[in-house]
Amino acid sequence: MVMTQRIAVLGATGSIGDSTLAILAAQPQYTVYALSGYHRLDKLFELCKQFLPKRVSVPTAAVDDFAQRLSTAGLDIDVVGGEQGLIDIAVDSQTDTVVAAIVGAAGLPSTLAAARAGKRILLANKEALVMAGQVMINAVKMHNATLLPLDSEHNAIFQCLPLAIQQDNTQIHQLEHGVRKLWLTASGGPFLQQSFEQMQQASVAQAVKHPNWSMGQKISVDSATMMNKGLELIEACHLFDLTEDKINVVIHPQSIIHSMVEYSDGSFLAQLGSPDMKTPIAHALSYPNRIESGSQPLDLYALSGLEFIKPDLQKFACLRLARQAMQSGTQATIVLNAANEIAVAAFLDGQIRLTDIADINEQALNDIQVPPLTETADIEDILTIDKIARHLTDKLVAKLN
Ligand code: NDP
Ligand code: MG
């Protein structure tokens with residue numbers, strides 16, 4: 001008998017949530033056990049009708065209304081609220097797999113709780129690793145959890161690594177396995193061919209219009225500034241236990257090669273596919289097997305050419321800042337992540353220009369003083385630094401206005 005795998009999709013109403021649920025809807029061996037949403041509760045309600053989860057998480061203030069709405073519709077679903085609700089779902093003994101697809105720092109506590117409960121985690125929420133990489137990886141190892149990357153680049157690298165590394169909680173032992181470097185590919189975003197001045201004038205609509213991928217607003221802005229690649233660089237350092245100098249970034253505007261591993265014998269292994277998140281999600285869901293993802297197969301005959309370009313670190317300063325932060329240590333990556341979340345929100349709100357994001361991030365990284373983190377630092381210490389950095393970045397944004 002095939003055992004069904006019970007899946008909790010945290011961040012079900014978002015873009016990764018959409019892609020995940022599209023696969024789950026077509027694959028009867030998975031059961032949608034739990035869902036979460038935040039602002040888009042009408043959409044969450046529709047998902048509840050379609051997937052009939054056993055549990056659902058909404059913001060605390062919405063619990064009673066949402067429970068009433070479900071019960072009026074004749075749906076018997078347990079409604080939980082807030083951060084604790086997300087944690088409860090993540091550690092629930094009935095949950096086999098947690099899809100961590102909440103955006104930003106808000107996704108950290110539930111992702112960490114899933115690791116500590118020894119779950120299989122499909123990680124989209126890169127901010128969790130940027131803020132708490134070491135704590136997360138330690139928790140995964142200590143509690144025998146499984147961490148599989150959904151981020152297309154990290155999923156590509158994972159697929160190109162030797163089996164022995166894939167099965168060792170994704171950590172690389174370079175010398176033993178002959179891994180020389182990782183190559184993260186980046187599309188370059190919507191402003192690759194435009195000047196810095198044009199980027200400065202960009203509207204929100206232009207900034208979130210990604211040439212190849214369809215994603216949530218925050219990550220779309222991060223792609224336009226290339227902060228996304230910076231966050232991914234930090235994510236890769238933690239996932240694969242490498243220092244930042246072992247990871248190169250190359251712009252590949254077609255987004256066909258999703259990343260590469262360079263070996264000491266000169267081999268480069270790459271994973272190719274259509275730019276569709278359903279492929280890495282299906283890979284991680286079914287690993288080590290393979291299932292249909294529903295993504296368009298790549299038409300190799302229609303590909304006209306693959307380009308590779310060195311990133312311009314003046315135009316895309318966020319990428320430089322990410323390396324700087326990674327070299328400085330966890331406090332710096334927490335500050336950079338927090339500052340960036342505040343700056344992106346201010347841009348989406350029309351308060352600052354797109355190019356101000358890098359300036360604010362740089363000021364935050366260089367000027368904000370936070371308490372030192374010790375070896376034994378835990379999530380509370382991390383969240384304290386995150387809070388201080390957000391507060392001080394708010395002031396930097398206000399000063400710009
Ligand atoms: P979306 O903005 O589309 O979705 C975010 C999800 O998080 C939604 O379900 C949203 O709920 C929920 N959410 C937002 N704020 C909170 C909060 N404070 N508490 C609880 N839940 C919250 O983002 P994406 O799906 O694009 O991205 C999700 C994560 O995956 C990000 O970390 C991103 O970097 C990463 N990722 C995304 C990729 C993509 O292609 N989209 C690719 C690789 C990584 P609601 O919508 O109801 O408000
Ligand atoms: Mg990515």
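Predicted model: local features only at pLDDT ≥ 70, side-chain atom pairs only at ≥ 80, totals over all residues.

Colleague: Is Ser295 buried or exposed?

Modeller: Buried means under 20% relative accessible area. Ser295 counts as buried because its relative accessibility is 18%. Ser295 is found in the loop between α14 and α15.

Colleague: Which side chains make polar contacts with the side chain of Ser295?

Modeller: A polar contact is a pair of N or O atoms within 3.5 Å. The side chain of Thr279 is joined to that of Ser295 by such a contact of 2.9 Å, and the side chain of Ser293 makes one of 3.0 Å with Ser295. Leaving aside residues up to four places away in sequence, Ser295 touches Asp276, Lys278 and Thr279.

Colleague: Which residues make the nonpolar surface patch?

Modeller: Leu272, Leu300, Leu306 and Phe308 make a patch of about 370 Å². Phe308 lies in the loop between α14 (278-286) and α15 (317-328). With a relative accessible area of 43%, Phe308 is partly exposed.

Colleague: Which residues come nearest to ligand 1?

Modeller: Thr13, Tyr38, His39, Arg40 and Glu127 come nearest, of the 23 residues around ligand 1. An oxygen atom of ligand 1 is 2.7 Å from a polar backbone atom of Tyr38, and an oxygen atom of ligand 1 is 2.7 Å from a polar backbone atom of His39. Taken alone, ligand 1 exposes 890 Å², and the protein buries 90% of that. The elements giving two or more residues to the shell around ligand 1 are α1 (15-26) and α6 (126-142).

Conventions
Residues numbered from 1 in each chain as written. Chains lettered and ligands numbered in written order. Heavy atoms only, no water. Patch = residues over 30% accessible without salt bridge, like charges linked within 9 Å, V, L, I, M, F, W, Y side chains within 5 Å. Areas by Shrake-Rupley, 256 points an atom, 1.4 Å probe, with all protein chains shown as cover. Salt bridge = Lys/Arg side-chain N within 4 Å of Asp/Glu carboxyl O. Helix = DSSP H or I, 4+ residues; strand = E, 2+ residues; numbered from the N terminus. Buried < 20%, exposed > 50% of the residue type's maximum accessible area, 1.4 Å probe, protein only. Polar contact = N/O pair within 3.5 Å; in protein donor to acceptor, adjacent residues only side chain to side chain. Contact = heavy atoms within 4.5 Å. Near = heavy atom within 4 Å.
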